[in-house]
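Thanks for coming. I have one structure to show today, and I will talk about pairs of side chains and where they sit. Please have a look at the picture first.

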Amino acid sequence: MGYKDQIDLLKLPQHIAIIMDGNGRWAKEKGKLRIFGHHNGVLSVRDVVEGATLLNLKYLTLYTFSSENWNRPKLEVMAIMELMVSTIHKEIRNFMEKNVRLKAIGDLEMLPDKARRELNNAINQTSANTGLVLTLALSYSSRREIVSAAKSIAIKVQSGELNIEDIDEETFENNLYTNGMPNPELLIRTSGEHRISNYLLWQIAYAELYFTTKLWPDFRKEDLYEAILDYQKRERRFGMTSEQVN
């Protein structure tokens, strides 16, 4: 029996977030340039998205390119951007066939014009789809997102639109990039690293963390299913006792 057949479809996490780590190391192990790993990482994305749609998952958010990644060698960054443009262009038909809605979060103004146009085109074309919401975290920094939310709230207070006494957690969440999405219940990180790396810091406050030593280009839908099974074996207490939640 495969992992998929063991999953309780009534206890699926609504939202899964993934830190796709290990492309460069995967390529280095094979004596190839880092971009070779990124190209093969695209195959993993395609397979994992397919796996998510087969389970009818609602939300999948992928850490695609961080704000800090701009500091990588210029040639690698340019190659990643070109790869992103070509991949998004190729995947639109697949998204439409699988009823996937594409979204993006992050400082998108930092993306090259060509990449931003291709991204916006795909977002617009898939906007009416009602299946999996696939969100790409691009030029993303959770700390910047939190600062941006604080500034947005401050402006509303300054203009009289919002009273300080009315600010609560819901107010803050409504000013994050992920406004309208449920918070992730499961965070997966590949490559054996045990870090959050400035990813969805507010949103994963109560997420279950799952770490695997597999490098991202080797990660496939079966690995996603294995992570979900591990999630389903855990007891989610949210600060309460086992007796309270059972």
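Let me begin with Lys-114, which is partly exposed, with a relative accessible area of 44%. This is a predicted model, so keep that in mind throughout. What does Lys-114 meet? Its side chain forms a salt bridge with the side chain of Glu-82, at 3.9 Å from N to O. That bridge links distant parts of the chain, since Glu-82 is in helix H4 and Lys-114 is in helix H5, residues 113–125, and the two are 32 residues apart. Glu-82 has a relative accessibility of 47%, so it counts as partly exposed too.

For those new to this, side chains of opposite charge can pair when their charged atoms come close. How many salt bridges does the structure hold? The number is 14. I will go through two others.

One of them joins the side chains of Arg-46 and Glu-91, at 2.7 Å from N to O. Arg-46 belongs to helix H3, residues 34–54, and Glu-91 to helix H4, residues 74–97, so this pair ties together parts that are 45 residues apart in sequence. Are these two residues buried or exposed? Arg-46 is partly exposed, at 34% relative accessible area. Glu-91 is at 9%, and therefore counts as buried. The cut-off for buried is under 20% relative accessible area.

The other bridge is between the side chains of Asp-21 and Arg-189, at 3.0 Å from N to O. Asp-21 sits in the loop between strand E1 (15–19) and helix H2 (23–29), while Arg-189 is in strand E5, residues 186–189, so the pair ties together parts that are 168 residues apart in sequence. Both Asp-21 and Arg-189 are buried. They also belong to a network of salt bridges, in which Asp-21, Arg-25, Arg-189, Glu-193 and Arg-195 are linked.

Now to the aromatic rings. A search of the whole structure gives 8 aromatic pairs. Take Tyr-63 and Tyr-140: their ring centres are 5.9 Å apart and their planes are at 85 degrees, so the pair is edge-to-face. Where in the chain are they? Tyr-63 is in strand E2, residues 59–66, and Tyr-140 is in strand E4, residues 133–140, so the contact ties together parts that are 77 residues apart in sequence. Tyr-63 is buried, with a relative accessible area of 9%. Tyr-140 is buried as well, at 0%.

A second pair is Phe-65 with Trp-70. Here the ring centres are 4.8 Å apart and the planes are at 75 degrees, so this pair is also edge-to-face. Phe-65 is buried, at 2% relative accessible area, whereas Trp-70 is partly exposed, at 22%. Going back to the tyrosines, Tyr-63 and Tyr-140 are part of one aromatic cluster together with Tyr-177 and Tyr-199.

Last, the surface. Which residues gather in a patch of negative charge there? They are Glu-165, Asp-166, Asp-168, Glu-169 and Glu-170. Glu-165 lies in the loop between helix H6 (142–158) and helix H7 (169–173). With a relative accessible area of 67%, Glu-165 is exposed.

To recap two points: Asp-21 and Arg-189 are both buried and meet in a salt bridge, and Glu-165 is exposed and belongs to the negative patch. That is all I have.

Key. Residues are numbered from 1 along each chain as its sequence is written. This is a predicted model: local features need pLDDT of at least 70, side-chain atom pairs count only at pLDDT 80 or more; totals for chains, interfaces and linings use all residues. Side-chain values use heavy atoms; hydrogens and water are left out. Patches are made of residues with over 30% relative accessible area and no salt bridge: like charges are joined within 9 Å, nonpolar side chains (Val, Leu, Ile, Met, Phe, Trp, Tyr) within 5 Å. Accessible areas come from the Shrake-Rupley method with a 1.4 Å probe; for residues, only the protein chains shown count as cover. A salt bridge is a side-chain nitrogen of Lys or Arg within 4 Å of a carboxyl oxygen of Asp or Glu. Lys and Arg count as positive and Asp and Glu as negative; His and the chain ends are not counted. The place of a charge is taken as NZ of Lys, CZ of Arg, CG of Asp or CD of Glu. Helices (H or I, at least four residues) and strands (E, at least two) are DSSP runs, numbered from the N terminus. Buried means under 20% relative accessible area, exposed over 50%, partly exposed in between (1.4 Å probe, protein chains only). Rings of Phe, Tyr and Trp (its six-membered ring) pair if their centres lie within 6.5 Å; planes under 30 degrees apart count as stacked, over 60 as edge-to-face and the rest as tilted.
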